[in-house]
Amino acid sequence: MEKASPIKIVDVVWLILLAVLSLYIRWPAVHNPGFHNEDVAGITLNADLLINGLLPLVDNLEYKAPGAFFMSAIGWEVGGRSILTLQWMTFCLSIFSLLGMYVTARLFYGRRAGIAAALLYTILAPITDSMDANYGAWMIAPYVWSFAAFALAFKRGALRWLIVAGILLAIAGLMKRQA
C-alpha cells in the first residue's frame, strides 16, 4: 500500500483561493432569485409537498429522482424558504466537489495535479452547476466523491472504500437518475 504525503500548507492556501474564486464566479447565480430552469420549479414544488406532510411520487405525478426534493426541504427548514437558500446550498456543494476533485487527482498524480484538477473544476463547473439548484447541481458532489472513494480503494487496497463509493454513487443517483 502506498502512503500519501501530508497535505502541505500551500495546498490549503490554494484550495482557499480556489473557493474564493469559485464564489466570485458563482456570485451572480447565488444572488439571483428566481427559477432559471423548469427543473427547479419541480424540485421546489416537491419540497413544499414534503414540508406539508405529503410525499412526492405518491401525492403527485413526478418522474424525477427524489433526492433533490428532500435536500431542498431540509435546506428550507434550516435556512428559510427561499430560492437563494437553495442557491447557497448548491454553491457549498460545489466547494465540496472542488475538494473531491483535488483529493482524487492528488491520489493518482500528486499534489500539483490535485490543484490543477481543482482549478479546472472551479473554472468549468459553473457551466453545469450554477445555472440553478437543478438536479445536476445536487448530483455532482456525491458523484465526485464516489470516484474519490473508488480512487482510495484502488490506490490503498482498502475494499471498504468500494462500499463507500457505491453508497455515494447511489446517493448521486437519488439526486439525478443519469448518475
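The largest pocket has a lining of 14 residues, and Val103, Leu107, Trp145, Leu152 and Arg156 are the ones nearest its centre. The model is a predicted one, in which local features need pLDDT of at least 70 and side-chain atom pairs count only at pLDDT 80 or more, whereas totals for chains, interfaces and linings use all residues. Residues are numbered from 1 along each chain as its sequence is written, and side-chain values use heavy atoms, with hydrogens and water left out.

**Largest pocket**

- The space in the largest pocket amounts to about 180 Å³, a volume being the space filled by probe spheres set on grid points that are joined across faces, edges and corners.
- On a 1 Å grid over the protein atoms alone, a pocket is an open set of points where a 1.4 Å probe fits, with protein on both sides within 12 Å along at least five of seven lines; lining residues have an atom within 4 Å of a point.
- Two or more lining residues come from each of α4, α7 and α8 (160-175), and α7 gives the largest share, five residues. Helices are DSSP runs (H or I, at least four residues) numbered from the N terminus.
- By class, the lining holds 12 nonpolar, no polar and two charged residues. Ala, Val, Leu, Ile, Met, Phe, Trp, Tyr, Cys and Pro count as nonpolar, Asp, Glu, Lys and Arg as charged, and the others, Gly among them, as polar.

**Helix packing**

- Helix α4 (residues 83-109) and helix α7 (residues 135-156) have axes that come within 8 Å and cross at roughly 20°, which means that α4 is roughly parallel to α7 (angles under 35 degrees).
- Their contact comprises 20 nonpolar, four polar and two charged residues.
- Helix α3 (residues 67-79) packs against α4 at an angle of about 110°, the axes lying 9 Å apart; α3 and α4 are therefore roughly perpendicular (65 to 115 degrees).
- The axes of helix α2 (residues 38-51) and α3 cross at roughly 65° and come within 8 Å.
- Axes are lines fitted to C-alpha atoms, for helices over the stretch in contact, and angles run from 0 to 180 degrees between N-to-C directions.

**Aromatic pairs**

- The whole structure contains nine aromatic pairs (ring centres within 6.5 Å).
- One of them joins Trp27 and Trp88, 6.2 Å centre to centre with 85° between the planes, and is edge-to-face (planes over 60 degrees apart).
- Trp27 lies in helix α1 (residues 9-30) and Trp88 in helix α4, so this pair ties together parts that are 61 residues apart in sequence.

Note on methods. Angles under 35 degrees count as roughly parallel, over 145 as roughly antiparallel, 65 to 115 as roughly perpendicular and the rest as oblique. Rings of Phe, Tyr and Trp (its six-membered ring) pair if their centres lie within 6.5 Å; planes under 30 degrees apart count as stacked, over 60 as edge-to-face and the rest as tilted.
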